[in-house]
Amino acid sequence: MLTYLCRTMKPDPTLADRVAAVRILREHHVWAAARSFAAVDDRSSPARRRFRSLMAADALLDAVMLLAQSAEPPRAIDTLARHDGRWHCAMRAGLSRRSHKADHADLSAAVLMALLKTFPRSSRRRASRTSTLQTIGSSLHDH
């Protein structure tokens, strides 16, 4: 029922960094992540109705968990612990062995950051590769 929610997940590559910079997670951060999920835009989707009801109830952690469980492949929390006033969350995608870690003073923010880190950040790689190619290209023309 919810497995198609994340068909084309391409989260904002800066969202995890923005969440890391805030004291507590806010509703607009969760909505920003949710925009990447296809079912949130589908008005007839049961997932959309469930997500919206969680957001209306200010249940941000539950809403983030719904997104994680609805991703394809589903995301699952490996570890969740609190040390020295910070939440540490490790999450993995499907059967992957790689665990993506995040920590934050706010529990919901730590889980959202870990979720966002489970998705490829191709835009950063592409930007880095482009700037490297520009540097190489400009050095070739400096003679």
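What is the order of the strands in the open sheet? The order is β1-β2-β3, in a sheet of 3 strands with antiparallel pairing. This is a predicted model, in which local features need pLDDT of at least 70 and side-chain atom pairs count only at pLDDT 80 or more, while totals for chains, interfaces and linings use all residues. Residues are numbered from 1 along each chain as its sequence is written, and side-chain values use heavy atoms, with hydrogens and water left out. Helices (H or I, at least four residues) and strands (E, at least two) are DSSP runs, numbered from the N terminus.

**Confidence**

- The protein chain has a mean pLDDT of 81, and 75% of its residues reach 70 or more; pLDDT is the predictor's confidence in each residue, from 0 to 100.
- Residues 1-8 have a pLDDT below 50, and beyond near neighbours in sequence this stretch has 26 contacts in the model (contact means heavy atoms within 4.5 Å).
- Residues 123-143 also have a pLDDT below 50, and this stretch has 4 contacts beyond near neighbours in sequence.

**The sheet and its hairpins**

- Strands of a sheet pair through backbone hydrogen bonds, either parallel or antiparallel.
- Here the edge strands are β1 (75-83) and β3 (100-104), each of which pairs on one side only; two strands pair if DSSP finds at least two bridges between them.
- From one strand to the next, the twist averages 20°.
- β1 and β2 (residues 86-93) run antiparallel and are joined by 8 bridges.
- Two bridge partners in β2 can be picked out: Ala 90 for Thr 79, and Arg 86 for His 83.
- The hairpin of β1 and β2 has 2 residues between the strands, and Asp 84 takes a positive phi near 50° there.
- β2 also pairs with β3 over 5 bridges, in the antiparallel sense, and His 88 stands opposite Asp 103 in β3.
- In the hairpin of β2 and β3, 6 residues lie between the strands, and Gly 94 in the turn has a positive phi of about 55°.

**Helix α4 against helix α5**

- Two packed helices are described by the angle between their axes and the distance between the axes.
- Helix α4 (residues 46-56) packs with helix α5 (residues 60-70) at an angle of about 155°, their axes 8 Å apart; axes are lines fitted to C-alpha atoms, for helices over the stretch in contact, and angles run from 0 to 180 degrees between N-to-C directions.
- α4 and α5 are therefore roughly antiparallel to each other (angles under 35 degrees count as roughly parallel, over 145 as roughly antiparallel, 65 to 115 as roughly perpendicular and the rest as oblique).
- On the α4 side, the contact uses Ala 47, Arg 50, Phe 51, Leu 54 and Met 55, and on the α5 side Leu 60, Asp 62, Ala 63, Leu 66 and Leu 67.
- Sorted by class, this contact of α4 with α5 has 8 nonpolar, no polar and 2 charged residues; Ala, Val, Leu, Ile, Met, Phe, Trp, Tyr, Cys and Pro count as nonpolar, Asp, Glu, Lys and Arg as charged, and the others, Gly among them, as polar.

**Helix α5 against helix α6**

- The axes of α5 and α6 cross at roughly 15° and come within 9 Å.
- That makes α5 roughly parallel to α6.
- Among the contact residues are Leu 60, Val 64 and Leu 67 of α5, with Leu 107, Val 111 and Leu 115 of α6.
- The contact of α5 with α6 divides into 10 nonpolar, 1 polar and no charged residues.

**Loops worth a look**

- In the loop between α4 and α5 sits Asp 58, with phi near 60°, a positive value in a residue other than glycine.
- The loop between α5 and β1 holds Pro 73, and the peptide bond from Glu 72 to Pro 73 is cis, with omega near 0°.
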